[in-house]
Amino acid sequence: MSNVTSENTAVPRSPVVEMRGISIGFPGVKALDGVDFRMFPGEVHSLMGENGAGKSTLIKALTGVYGIDAGTITLSGAQVSFSGPAQAQAAGISTVYQEVNLLPNLSVAENIMLGREPRRFGGIGWRAMRRRSAELLAGLGLDVDPGSLLGDHSLAVQQLIAIARAIDVNAKVLILDEPTSSLDADEVAELFRVIRSLRDQDVAILFVSHFLDQVYEICDRLTVLRNGTLVGEYLVEELLRIDLVQKMIGKELTTLDDLEQRAHAVVVDESDAATFVSASKLGRRGAINPADLPIAAGEVVGLAGLLGSGRTEFARLLGGIDRADTGELTIRGETVRLRTPRQAIARRIAFSSENRRDEGIVGDLTVRDNIVLALQADRGWFRPIPKKKQDELAQSYIQALNIRPGNPDALVRNLSGGNQQKVLLARWLAIAPRLLILDEPTRGIDIGAKAEIQKLVFNLAENGMSVLFISAELEEVLRLSHRVVVLRDRHVVADLENDGLTVDSLLTLIADGRVASDDEALAEIEPTPTTQGGTR
Amino acid sequence: MTELLDAPRRTDGRTPRPPHGPAGTGGRRPGWSGSSGSALARFGSAALGLLTSPKYGPVTVTAVLFVAVFVVGGIRYRGFFSGQVFLNLFVDNAYLIVLAVGMTFVILTGGIDLSVGAVVALSGMIAASLLQTGWSPAVVIPLILVLTSVLGLLVGLMIHVFKVQPFIATLAAMFLARGLCYVISQSSISIVEPTFVQLAVSRIPLGGGLSVTPSVIIALAVVALAVWVLHATRFGRTVYAIGGGEQSGLLMGLPVARTKVLVYVISGFCSGLAGVLFTFYTLSGYPLTAVGTELDAIAAVVIGGTLLTGGYGFVLGSVLGVLVLGVIQTIITFEGTLSSWWTKIFIGALLLVFIILQKVLTSRRR
């Protein structure tokens, strides 16, 4: 499994970076466990893995942000040990972070040169600074006035300016962490042109991205991590996408159990299956391309896709968290524009965020307060829910969802992740939603709570509630959903009845955007999605 | 999570923006300067860009405002339109200019210094009491500057090391300084020391019957030094960098910690110096003097175009801010019938307008 294919191929030079047996532990977690990683000069390398795979930990180990517990790091043949990012940078390892870490209020030239600016009479040599930055920008083929304010340029140009800054320190290794996550196609092309020209100057480039297409377009070699361990290093041209996705997610196609298709047994009453909410060409620039999504009452729709595929972004549009800039949303035949979550809640759409801690629970409030929060907000703060009613609500949900400890006065932050999630669910159920959007409700919670939450979703749907269910675990999506919508690189690539769907077929869609030919009679779904109940 | 956060930035980042800045240096983009055919249109878009730039917009408005107010004063009142009236703006406000310079450093980093008014009073008290007991001004003035700088250092360390809010840390320093004034004396101490008296009454002729006080020269020297430091040294650029994004500054390898402490030292030094200049002006030390002056200084800095959130602004803008406050005061003096409290009302209204202006500019930009 973890054999390194490239050892068979001719490797022209010795690696510029070689990390061996890297282990890093945080309290309670082993973030990296004996990971090997190497990069060659003049190649674009990608680091692949799902959430929690250890990608960013490995990058931080390489850039000196984290110290390593075990292992060695060799740079150009010499063993190194960085005590901070500044040292790593001085040694030739530069990083451009996803968030452009530049200063919008200063000039382009300053953003490139500050920290190592040319001096003159004890001050800054402005002329030399502008000349040098103009040279660097020209070297990247950028037509930008070094004297202009950074904040006046688009994010894409800022990103390229960040690269100009990074390569000015004579970088041997350039790390680009999700550089394309906020760029459009033209801007990505521009970035790739720059990456290629740097590669031709023998810089080793680490390109981290969620976009498989981009990885396949620009990278020569990639390393896959999963759960803090090395899966393997591969030449991009020798690795099929489907194989890459499997290695990232960790399922062998052949060993997948046949899953109980319980979801399918639940038949939506067609007469009552009037589409509750329907998105039509709903999209938001830079988040999700316009897509259609009808959801019937009592239907569970699963969203499948990798992190960054647009699954959360799409759900946020439906939940009124972000505003759509194209398309329209119809709720029970009425066209609405959701500008705030409050408007969504008023129409009985509840959105439960994947970011439980920051966008979900209020840790310092009690279980009771957390449960009544949304209902109280919906009623308005001048009509307080009577204490007795609050207690009843809290008690009934604690029992119904089996929240432990069953004490309404317990502070939510002291509860386990699974119970926090249940409190969050109770909060949304208390407003009696017609559509419940659950973004990764089962992430990071124990197996028992997971099963309970899955069962709850079932029962809710049986009682006529629509559920939009997002999970990185495809089995779970398949088990619960009546329909599965597959997203890939911010596009909806398929909208399928959960009828004979397998994890295999979903994986194929996620990897390639098309259905494998040997699979069952599932046609590739192009722009027109299946209409509600059409294939039944 | 991070992708989610990126989404809104994305759309903002893509909105086309007009060019900004003084013609020629601004971020000219081909679509703008090229497409607007006529020179007039180009001038129009350049002017629009200047006004909507967070860097130059507010200070441009302030400059226009100052000229406008001065012209209105000149039209309304006889004798207003004279060089000496203009110079007296500097004479009367030399200490405030120095205070505003120090405050500009602090606000550029996104901080605030509420202690400056009390420190002005404290330095006046120290000067008056030590001179009374026969100390030489050559010792007293440097001593005051050192003491107030050390106070600034303590405030800076409190803010940096203990992560105390600048508002709270400098509020504590304000109470400390004001309290120490009363420890020195409960009542006013007048200064009769010859050097101080000499500095208070002497005028430096500029020709044509115009003259300024030595304080003005000192204040302008401080301004010149501050302009150089802020625009031509790494320290100065780091001050801007902290205001623009402390985290980014750290990642760029800039000396953020040292700079954050130093701005309060500078503000402390400037307060001490302003206190000395103030005693040249009043020839006395009084515990209740300069109450609320910190707010005048902050108002001057904000009206001068420095964003309270930091990162944008100029020392020269703050000087302009002081002049605007001064010219409003002068007009009210010329008007004769209005109470001097009207100055406060005008300044309050002006401040409101400028804060809203800042909000509009930053929300347009970000």
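Why does Ile445(A) count as buried? Ile445(A) has 20 C-beta neighbours inside 10 Å, and therefore counts as buried. The term buried applies to a residue with 20 or more other C-beta atoms within 10 Å of its own, exposed to one with 12 or fewer, and partly exposed to one in between, with C-beta atoms placed from the backbone.

The structure is a predicted model, in which local features need pLDDT of at least 70 and side-chain atom pairs count only at pLDDT 80 or more, while totals for chains, interfaces and linings use all residues. Residues are numbered from 1 along each chain as its sequence is written, and chains are lettered from A and ligands numbered from 1 in the order in which they are written.

**Surroundings of Ile445(A)**

Ile445(A) is located in the loop that lies between strand 19 (435-439) and helix 16 (447-462) of chain A. Helices (H or I, at least four residues) and strands (E, at least two) are DSSP runs, numbered from the N terminus. Leaving aside residues up to four places away in sequence, Ile445(A) touches Gly417(A), Gly418(A), Gln421(A) and Lys450(A); a contact requires C-beta atoms, placed from the backbone, within 7 Å. Gly418(A) is 27 residues from Ile445(A) along the chain, and their C-alpha atoms are separated by 4.7 Å.

**A sheet in chain A**

In chain A, four strands form an open antiparallel sheet in the order 14-13-16-17. Strand 14 (288-296) and strand 17 (334-336) of chain A stand at the edges with a single partner strand each, so one side of each is left without a neighbour in the sheet. On average, neighbouring strands of this sheet are turned by 20° against each other, direction ignored. Two strands pair if DSSP finds at least two bridges between them. Strand 13 (residues 275-284) of chain A is joined by five bridges to strand 16 (residues 326-331) of chain A, and by six bridges to strand 14 of chain A. The table gives bridge partners.

| Residue | Bridge partner | Strand of the partner |
|---|---|---|
| Ser278(A) | Thr330(A) | strand 16 of chain A |
| Ala279(A) | Leu329(A) | strand 16 of chain A |
| Arg284(A) | Ile288(A) | strand 14 of chain A |

The hairpin of strand 13 and strand 14 of chain A has three residues between the strands, and Gly286(A) takes a positive phi near 80° there. Helix 10 (residues 311-318) of chain A lies across these two strands, running at about 120° to strand 13 of chain A. Axes are lines fitted to C-alpha atoms, for helices over the stretch in contact, and angles run from 0 to 180 degrees between N-to-C directions.

**Helix 8 of chain A**

Helix 8 (residues 241-249) of chain A has buried residues, among them Leu244(A), Val245(A) and Met248(A). The buried residues of this helix pack against strand 3 (44-48), strand 11 (221-226), strand 12 (229-235) and helix 18 (503-512) of chain A. Gly250(A), with a positive phi near 90°, follows helix 8 of chain A.

**Chain B**

Chain B contains 15 helices and four strands, and 48% of its 366 residues count as buried. The axes of helix 7 (residues 137-161) and helix 12 (residues 256-282) of chain B come within 7 Å and cross at roughly 145°.
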